[in-house]
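Try each task before you read its solution.

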Amino acid sequence: MAIYVVANKKGGIGKSTTAVQLVTGLSLKGRRVWAVDGDGDQTSMLLALTVRANSGLPGIAACELSEGQTLRQQVKLQADMYDDVVIDVGAKDSGALRAALSVADVLVIPFAPRTFDVWAFENMAALVREVQAMRDFKVLAFLNKADPANQDADNKQAIEDIGRYGYQISPVSIGDRKSLAHASAAGQHVSEFKSADPVLRREVAALLEFITTA
Ligand SMILES: Nc1ncnc2c1ncn2[C@@H]1O[C@H](COP(=O)(O)OP(=O)(O)OP(=O)(O)O)[C@@H](O)[C@H]1O
Ligand SMILES: [Mg+2]
């Protein structure tokens, strides 16, 4: 059993998108998964998984636990009933974010290729240092909303800059792709989503492989 937390204190960086792809991808592999939405302001993952269930696709267990102490307590109580738990949290330095890190086995941090986003990464890294002083967990990062291959200078720079933190970085980045946004809002893995092209499907499959085996 592994508890995955998708977090970054930067807003709109792709946390909920990643959490939906991770939880649906694990479910499609036959894993019993539980999606915990820790973002009380905006329960994107929970809403997306509700859209999924309403559309007739196999449902995925999901709930909102946005109060820190309750999140920690309930995850500790219930996690063993599942093969994997995926926790999505909001961008704020909330009790839910800290509670999620206090139970995480693997922290997944999406980052984006713009300078402001790279600068903002230090806020997240400082929190990781603070929590890791108390307990250890794996930290994985990946470039999301990457620029296309023919304009990839910012991608390379961001990967180099974030690489200095010493976290494992996914060798495959996720492009800035409208169909990923649409699939995730429908609570669907890109492999289930008709308009997702093979390149995007390969990228997301490679990311899932990295997250689950790194
Ligand atoms: N790789 C991508 N390609 C295209 N759009 C993306 C990609 N990743 C995320 N998005 C879009 O960017 C926006 C922000 O994504 P998302 O909600 O997943 O970020 P977040 O980090 O969870 O935000 P918040 O901090 O508000 O919780 C959404 O509209 C989403 O559809
Ligand atoms: Mg979110």
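## The shell around ligand 1

This is a predicted model.

**Exercise 1.** Sort the shell around ligand 1 by residue class, then find the elements that supply it.

*Solution.* 
- Sort by class: five residues are nonpolar, nine polar and five charged.
- Count the shell: 19 residues surround the ligand. G14, K15, S16, T17 and A181 are the closest.
- Look for elements that give two or more residues: these are α1 (15–28) and α7 (178–185).
- Pick the top contributor: α1, with three residues.

## The nonpolar core

**Exercise 2.** Find the residues that touch the most other members of the largest nonpolar core, then trace the contacts of A100.

*Solution.* 
- The core holds 62 residues. Y4, V5, A35 and A100 touch the most other members.
- Now find the element that gives the most: helix α4 (residues 95–103), with six residues.
- Leave out residues up to four places away in sequence. A100 then touches V5, A7, G38, L71, I87 and V89.
- As background, nonpolar side chains tend to be buried together in soluble globular proteins.

**Exercise 3.** Which residues of helix α6 (residues 153–163) are buried, and why do they lie on the same side of α6?

*Solution.* 
- List the buried residues: A158, I159 and I162.
- Check their directions around the axis. They cover an arc of only 100°, so they sit on the same side of α6.
- Recall the helix geometry: with 3.6 residues a turn, residues three or four places apart point the same way.
- Turn to the face directed away from the buried side. The exposed residues A153, K156, E160 and G163 are there.
- Finally, find the cover over the buried residues of α6. It includes β5 (106–111), α5 (115–132), β6 (138–143) and β7 (168–169).

Technical notes
Residues numbered from 1 in each chain as written. Chains lettered and ligands numbered in written order. Predicted model: local features only at pLDDT ≥ 70, side-chain atom pairs only at ≥ 80, totals over all residues. Near = placed C-beta within 6 Å. Helix = DSSP H or I, 4+ residues; strand = E, 2+ residues; numbered from the N terminus. Nonpolar A, V, L, I, M, F, W, Y, C, P; charged D, E, K, R; others polar. Core = buried A, V, L, I, M, F, W, Y, C linked by C-beta atoms within 7 Å. Buried ≥ 20, exposed ≤ 12 C-beta atoms within 10 Å, placed from the backbone. Contact = placed C-beta atoms within 7 Å. Arc of directions from axis to C-beta.
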